[in-house]
Structures are given as structure tokens and as C-alpha cells.
Amino acid sequence: MPEAEQQNDANAPAGAGGDPPKTAKQLEKERLKAEKLAKLQAKLDKKAAAAPAAGEKKEKPEKRTKEVKEAAVYTAQTAPGEKKDLSGALPDAYSPRYVEAQWYSWWEKEGFFTPEYGRASIDAPNPNGKFVMIIPPPNVTGSLHLGHALTNAIEDAITRYHRMKGRTTLWVPGCDHAGIATQVVVEKLLWRDEKLSRHDLGREKFIERIWDWRREKGGRIYEQLKSLGSSYDWTRVAFTMDPKLCRAVTEAFVRLHEEGSIYRSSRLVNWSCTLRSAISDIEVDKVEIPGRTFLSIPGYEDKVEFGVLIKFAYKVEGSDEEIIVATTRIETMLGDTAVAVHPQDDRYKHLHGKFVVHPFSTRRLPIVCDEFVDMAFGTGAVKITPAHDPNDYEVGKRCNLPFITIFNDDGYIIGDYGEFTGMKRFECRKKILEKLKALNLYRETLNNPMVVPICSRSKDVVEPLIKPQWYVSCSDMAASATEAVRSGELKIIPEHHTKTWYHWMDGIRDWCVSRQLWWGHRIPAYHVSFTDPSLQTGSNDDEQYWIVARSEAEALTKAAERFGVDASKIVLKQDEDVLDTWFSSGIFPFSVFGWPDQTKDLQTFYPTSLLETGHDILFFWVARMVFFGQKLLGKLPFKEVYLHPMVRDAHGRKMSKSLGNVIDPMDVIRGITLEGLHAQLVGSNLDPREIEKAKAGQKQDYPQGIPECGSDALRFALCAYITQARDINLDINRVLGYRFFCNKLWNATKFALLYFTGSEKFDTELSASAAINQMDAWILSRLAAAIEACNTGFESYDFAAATSACYAFWLYDLCDVYLECLKPIFQSGSEEQQTAARRTLYVCLDYGLRLLSPFMPFITEELYQRLPRANPAPSICVASYPSNTSWRSTKIESDVEFVQKAARIIRSARSDYNLPNKVKTEVYIVCTDSVPSEILKRYASDLATISYCSNVVFDSPAPQGCAILTVTGQCEVHLLLKGLVEADKEIAKLQKKSDQLVQTVGKLTQAIQAADYATKVPAEVQEANETKLCESRAEIERIAAAIETLKLM
């Protein structure tokens, strides 16, 4: 801390640093001198403010001040929805805030994103076809994360591509009500702010609070999607709790029940005691622990022990024998109803049919035989708790055992168990262990690696409980879904995910759709009872007494008909539970179009073209959409499924709030300080104990915060990451690299537009024969190659190939080569050459921006609108996507590639000899083959331009004092150095650099040869070290050759 250091210095004894103490006279003299200097500085400052001195530019502080420029912002008074004011000049440098302002509201107002744009009607025939896709609806619980940004970057690029290809295009936006997630968030806020539970408010008022929260927060997600540039049709936005979608959910449930695909049954479910609700498998985190571990569990002050196997004995009734069993959940022994052994296990054959005695109840537990028991594991005897374990549940059914529930919904012990009754389950765990020891029934505790099921929402340990719930029968629907993929009717991309699809479908279980929540679609089922005591009323478990109907009135009619009773004697009570969120998500592809009504949208846009989402919800969402689409409409909901990788941080870790690596895409787009990131943690629902850990993670990864990158750079980076891999490790520095690419794009276009000084307008109609200049033909060929790569990339979902093609064309072809080669033409070329170059340059800019537009919509729109266009589309997003590849010439590209190779070798040598670009030199070409010689002769002026040479000489002997550079076995370049370098000085510089490199090689070699290097050093570090070692050795060889050349001068 600077303040502390200053204080320590001030209190240091005189002469502490080795300097003698100063006299009072010396100190007074220094004070007067300081005052004079201050007065002089004040005069100079005043003079500088009035009239800057000529030499002031040389002062470093002034120079630094001039270099740091404020990023441009859009300040024109343009109303939302109006077109951006382009009357001013382009700002000097690229600024995301300037570029991304105003465009989206104009796109939206103009209707570019609607399928109606430019067409008489949505169902009018379109020879180009149509493209329809729905959003994977994000949860309404707050803000987007980088996983959402990846989804939107991919989906918007695809959508914009198809729109530019002239297809009738629709991308439907929406939001998911996210039953559990939303209820948990609002409950936490309610408790934090008012110390109230939802039960204190009651169901209706609590749901009102959620709607208030949704109205406050829900709009933020849509604004974030717009900030990302996502080209949704906002006239068709859908929320899963909208009346239209609620009606569709009810209709789907009723129809599925009427045909027998939905039924009610009491079975084991994943139960969260904290949420007091069943949860789906996807909401269960399977946490692996290596052995004895203490975990923090909600509702418990002390941490709870897991990862141990406890062995205890059951006494065999009427004998001195005992059977030792083992369990990781000792508290569940209160619910044991049997001990199982393998029928072929000789150790226990004499006990078949006998009983053991439960130590804490009067229950007799039969010793049953079941082949599921592993004779080799433990003692070969297993305690059976049918009501609290999935495997035991199946044994209980096979052996007709009683199912005894020992926990209530909150996880407290229920039943006649003496002092254990009323205890929390994990407090009971410790107490039972004590009692077993007291009764001499405890045998031992062993370390036991295991998986603990944790509720992802509440962080509570999931408890298997038997509950009466509604189920969807899935076996028939799974068979149809399997056949759809096998037949090729439904295509899953990448193809390796089909194995996962078949695995899920083959092992399908019926789907529990009941959730004990208040927020969500209430199940349209009514329990029947009677006011007449002579009529028998069924239990809650009896499906016969449940009526499924679209409304209470319809339920009353159905009940009267079923029981033959007058409606006045019937009392209906609607099921308190709501449907699993995945149920409403499963019908999303057709509920958004107005199903069950046969709307024009449904007839036109269903089935959709593509479903794009993360591979992690292939079963939970994708499969269920396929199930419901085929079952309720008789059609697949989409033709193709594209599954993208999961986003992880730069270290390959899963995104987690507690690690501090969950990033809001808005923070990448706009930039944020480290303090700003910390502040977000404080305002979150994160446990206070985890906030400091998360802050440390943020400080490690983003010590300077996150720089402003802009939406275009973020989108491009995310798409560039997409490969066949299951995960992508996102590094913010790579996003920043594409922000620099945007700046290069900006500067290149700004510079190129200087060549268009007149009022002439241009189009993209240009034949290859019109390319008079050699490099015009080459750049058009490279453009054609980029066009081909981009179209192929989009059609095959190879986004890395498409982004790479765009990047390479703009950076390596247009900026590094073509724009450089144009400079001599516009300086001294003929009018004809300049006209041809201008036309070619226009085509490159126009088509180059269009190729990029699906990935970078904002900067391409800004620059496209500035082009001198003869037949302009109103916006780049409705301009046609380039498809012309007639300019392609592999011969020209091969020739120029050879020229570029020679130029790279020359530039590399110039760098070795420390020749700055402004110092021009001569090169002499010596070829023993006419083919390379003719190529270099044809492109001699271009070679000179891109290799910073004043002259390229052929067919003349090279003078003394040249560095000899090998291009191929038949071609050498002699680079004239004599008179341009001071040999002795350069040799000394190069020798020093060589010595440093030798040290680097030595250190790396020593590290690599270490005994534990291969096992302890991460693979990516090993790879980086190998690369650095090879590069360093190659550079040492180059330097040695350069030194030898210099010695000859």
C-alpha cells in the first residue's frame, strides 16, 4: 500500500538510507530553491496554455496526452427507430459505442427481421425457400451469460445468412418462466428484504410478486439480446406463461391424458427438502467425493459427513447369528423392510426365509433372495429400504415388500421411532450411529469414494421419496424418435451426438412432470369428492378420482358422467402442483405459432427448419420437443438439430458463480472494472461465504477488469471458437484480439474510401476480364475463395471455417497485400489502371462486408452505408449474400503465393538485420529455372512494394555485400545490405540476441528433461514449451547465418 510505505519513510531515522543528515541551512536553501522552481513552472504552464511552444511536441507527457483519444460516441439527436445520421465523417478510430448505436432500433422499425418484409404474404411462394427457427428460451431469472451469447452468436449468424440468401426467414424470440429457478430467486429476495416466506404471503400474492419481478427484470433479457444484435422477429415474441401458451400447455396435457400417454402413479422421485418439490434429473448435480468429506448443507449449522461406508449388524431372529450390512446413509435403516442376499450365496442359504430383528422398532425384516446382490461386494448382504433408494425400490416390488416412508417433505423423521422421530435426517444420522454403538451393533466405518446427488437450485442433498405424481409414458414416443434419426428424417449435427440420442432413447423411463411449486402451469387435474356421505370418496393416490380437463366446468361435466352423480353433489379440488418447466418448453415449437388453433403462422412455419442449442440438453429439451411434435401434430418439429459446445473459462473450468467466472456478455461488450465485477457479486444471490472466493477468482482472471470489446468482436470470437469439440475454453484476450480486427477493418475501409473521391457510384457486376491490373485478378480470386468457404461453412455449420475465411481475406489478402499494391497505382498509374482498381476495390469492400455481416452486423452496416453504392439495398442485413465464384483462378493464386513467399523471406531477413521499413533496398533475383523467374518478373513491382524494396533486378549479377536468401532450390534472392548496415554494430546486437536465445533453449531443455515433467506439467504448457524451443533453435540458426554474412562485409 503506497500510504503505508510513505508513512514508514517519513518515520525513518535520519541517514537511514546511507545519506548523512542535512543541516538546517541546507534544508532552508532547498526550500527556497523548490519555491523558485514552482514559480517558474507556474509561469511556463501559463505560457503553454496561452500559446503552445513549438518544441512542446517533443515532451513525453504532452505526446502521451495526444495519443490517448476519447472513444467516439454517437451524439446526433436521432429518435429511436430512425436511421442513423451518416452525414458526418467516419471517426478516426473504431469505437464500439459509436458503431453499435442506433442501428438496431432502425432495423426493428423497418421490419427487416419479419418474414413479411418484402413479400405480399408469409405463405407466398418463395423460390429460395424458407428458414424458420425458435430461440432456446432463456430463463427469466435475471441476465444472460456467455452460454446464451454463444447460442445467439451462432443462431443470429445462421439466421442472417439465410435472410441474405433471400429465403423467407423467421427467428422467434421468447423467454421461459423457469419454474424452480424463478421461485427460488423470488423467495430468496422476499426473505432477504422482508424476512417473509412464500407461505406467509399465500399462493396468489406470492405469484403476484413473481409477476411484478418478471415485469421488472424480464425486459432486461430482451434488451441484452438486442444489444447482441440478434435479429429476432419481436412481433412474435413469446413467454411461456403468456395466455396463448398456457392454453396450449393445458390442451397438450388433456390430449395426452385422454389417449393414455399421461397417467398418475406413486413412485420414487428426486426430492429437494429445501424446495419441498420433486426435481428433474438435469437439476441434480452428481458431486464426486474421494472419501470422507464434510459438506455444508442448507438448514444445518455443522457440516455433514459423507464419503464413508458404515457397517452394522442385524441379529437373526431366534439365534445368536447376525448379518452384517453396510450403508452410506445410516439414517435410512429406520425404513429397512428386508435384508437381501444372492440366492446362490452359500454363506446365507441356511438363512433363506428367516428374519432379522430391527433394533429400533418391532419390525421383523425377512431375509430375501435377489440376483441384483453382488456376492463379492462387502459381506454379500444388503439392507433394503424400498421407499428411499432406487435399487431397493425395484427389489421391494419384486419381493412384495412394504414401502415405509421415514421422511416428511422437509426431511424430518416421521413414524414411531421414539427419540428419532422429529429429528432432521442428518442429525438423526449421528444419533443412530451412537445408538448402534451402545447396542454393540456397530462394526466399522470405511472410507468410501461416492457420488452425492445435490440439488443444483438449493444445494441440498437430494432425497429419493415416494410421491403420487403425474407421469408421461415415453416408450412409444422414444421408439418413434429413434426411428426418425435412424431413417435420416431427423439429422443431428455433429453426428457423434446420435450415439447419445440412441442411449437416452433405449434406456428411456417415464417422465415425472409434477412439481410441488406455485410458479408455473398448474396441472389441469381435479380431485373428486362428494357432499353426499353415502358416496365413497377415493384417496389422493387413486387415479379413478382424478379428472383431467381444460377447465373446472369441463371437469365437473366429466365427473358427473364418470360417477353417475348429479353435479351439485360433486366437489372439485384442482391439483396444487405445477408442470415441469420442460413440459411447456417441449411444445414451444408449435405453441408459439398459436396451436391448438390452425393459425396461418402454424400452417406456414411448422415444422421449423433447424433447432440449435447446447448438447447438454439433447435429451431434456430436444427429445421432448420431438416426442410432442410427433405425438400431437404428427410431424417432427424441425428437420435438423445443431448442437454447439459448452462454454468454459480460459482454464477449462465450468462456469460457476462461486468461482467468479460467470461473465455477463454486456460486460464484455461495454467493458467493466474489477470493482464493477466485485459489485455484481455483492448484489447477487450468492452465499456470503462464497463471495470472497469468487472475488479472488475475478482478480486472478481480470486484474484490470474486462476491456470494452463490442458486440461484433464478441460474436465473431464465439463463432470462431466453434469446432467439433464438446467444450470451448473462452479467453477474453481472444475476444479483444477480434476487437483489434474490427479496428483494422475500420481503418482499411476508411483508407480505401479515400480513393472514391468523385460522385461515381459502383455495383458488384464485374467480370474477371475487367481486371486489368494483375493484383486485381488475384484479389478477386481470393474474394471468390472466401465466398466459397463462407457459403460452404454456413451450409455445413462449420463456423470456424467461415470466420477464418473472412478474417484471412480482410487481414492477409486485402489489408496486407492488395491495399499496399494499390498505392503505386493511385500514385502513378494510368487512368485506365486506376478506374479498374477502383471498381475492383469497391467489389472487395462491398462483398467483404456482406460476407462478414452475419457475424458482425453493426460494423458492417456502418461501413456498408458509407460505400458509393449504385443499387443499394436499404440495409446490409437484407442485401444478397455473395455467391459469385467465377473470379477464382488457382493459377493466379499459386503465382502470387510464390511472390508472397519471396516477400516474406526478404522481410524476415530485413528484420534479422534490423532494417526499418522506410529504408529501401535492392534485391537481385537469381533463378536456374525460367518458371519462378517469369512469375517474379511478372509481379516485380508488387514484390518490391510488399517487401519494402526500391528495385527488383533480374538477369544481372549481384554485387558484393548481399545476403543470399533461398526461396526454392531453383531460386535465390540476393538482398543488398552494403552501405545500409554497420556490420560491427549489427553483429554485436545479433550476438547478444543469440546469447539470450541460447539461455532460453538451455532452460527449456533442462525443464523438459526433468523426471516428473511429463506427468506434472499440463499438456498445453508442454506444447507451448516445445513450440518455443523449436522457434528459438530456428532463430539461433538464422542469426548465425546473418552474422556470417555480415562478417563478409
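Visitor: How many cavities of 30 Å³ or more does a search of the whole structure find?
Guide: Two. Keep in mind that this is a predicted model.

Visitor: What is the volume of the second largest cavity?
Guide: About 30 Å³.

Visitor: Which residues line the second largest cavity?
Guide: Ile135, Pro136, Pro138, Leu144, His148, Thr151, Asn152, Leu225 and Tyr232. Six of the lining residues are nonpolar and three are polar, with no charged ones.

Visitor: Which helix gives the most to that lining?
Guide: Helix α6, residues 146–164, with three residues.

Visitor: What caps the N-terminal end of α24?
Guide: Asp731. One of its side-chain oxygens sits 3.0 Å from the backbone nitrogen of Asn733.

Visitor: Which residues of α24 are buried?
Guide: Quite a list, including Ile732, Leu736, Arg739, Phe741, Trp746 and Ala752.

Visitor: And what covers the buried residues of α24?
Guide: Among the covering elements are α4 (96–99), α20 (665–670), α23 (711–720), α26 (799–828), α27 (831–852) and α28 (857–864).

Visitor: Now Arg850. Buried or exposed?
Guide: Buried, because its relative accessible area is 8%, under the 20% cut-off. Arg850 belongs to helix α27.

Visitor: What is Arg850 in contact with, leaving aside neighbours within four places in sequence?
Guide: Met164, Thr764, Tyr864, Ile876, Ala879, Ser880, Tyr881 and Pro882. A polar side-chain atom of Arg850 lies 2.9 Å from the backbone oxygen of Ser880. Pro882 is 32 residues from Arg850 along the chain, yet their C-alpha atoms are 7.0 Å apart.

Visitor: Which residues other than glycine have positive phi?
Guide: Ala178, near 50°, is one. Arg276, near 55°, is another. Most residues other than glycine have a negative phi.

Visitor: Where is Ala178, and is it buried or exposed?
Guide: Ala178 lies in the loop between β3 and α7. It counts as buried, at 5% relative accessibility.

Visitor: What about Arg276, where is that?
Guide: In the loop between β5 and β6. Arg276 is partly exposed, at 34% relative accessible area.

Note on methods
Residues numbered from 1 in each chain as written. Predicted model: local features only at pLDDT ≥ 70, side-chain atom pairs only at ≥ 80, totals over all residues. Heavy atoms only, no water. 1 Å grid on protein atoms, 1.4 Å probe; cavity = no way out; pocket = protein on both sides within 12 Å on 5 of 7 lines; lining within 4 Å. Points joined across faces, edges and corners; volume = space filled by probe spheres on them. Helix = DSSP H or I, 4+ residues; strand = E, 2+ residues; numbered from the N terminus. Nonpolar A, V, L, I, M, F, W, Y, C, P; charged D, E, K, R; others polar. Buried < 20%, exposed > 50% of the residue type's maximum accessible area, 1.4 Å probe, protein only. Contact = heavy atoms within 4.5 Å. Polar contact = N/O pair within 3.5 Å; in protein donor to acceptor, adjacent residues only side chain to side chain.
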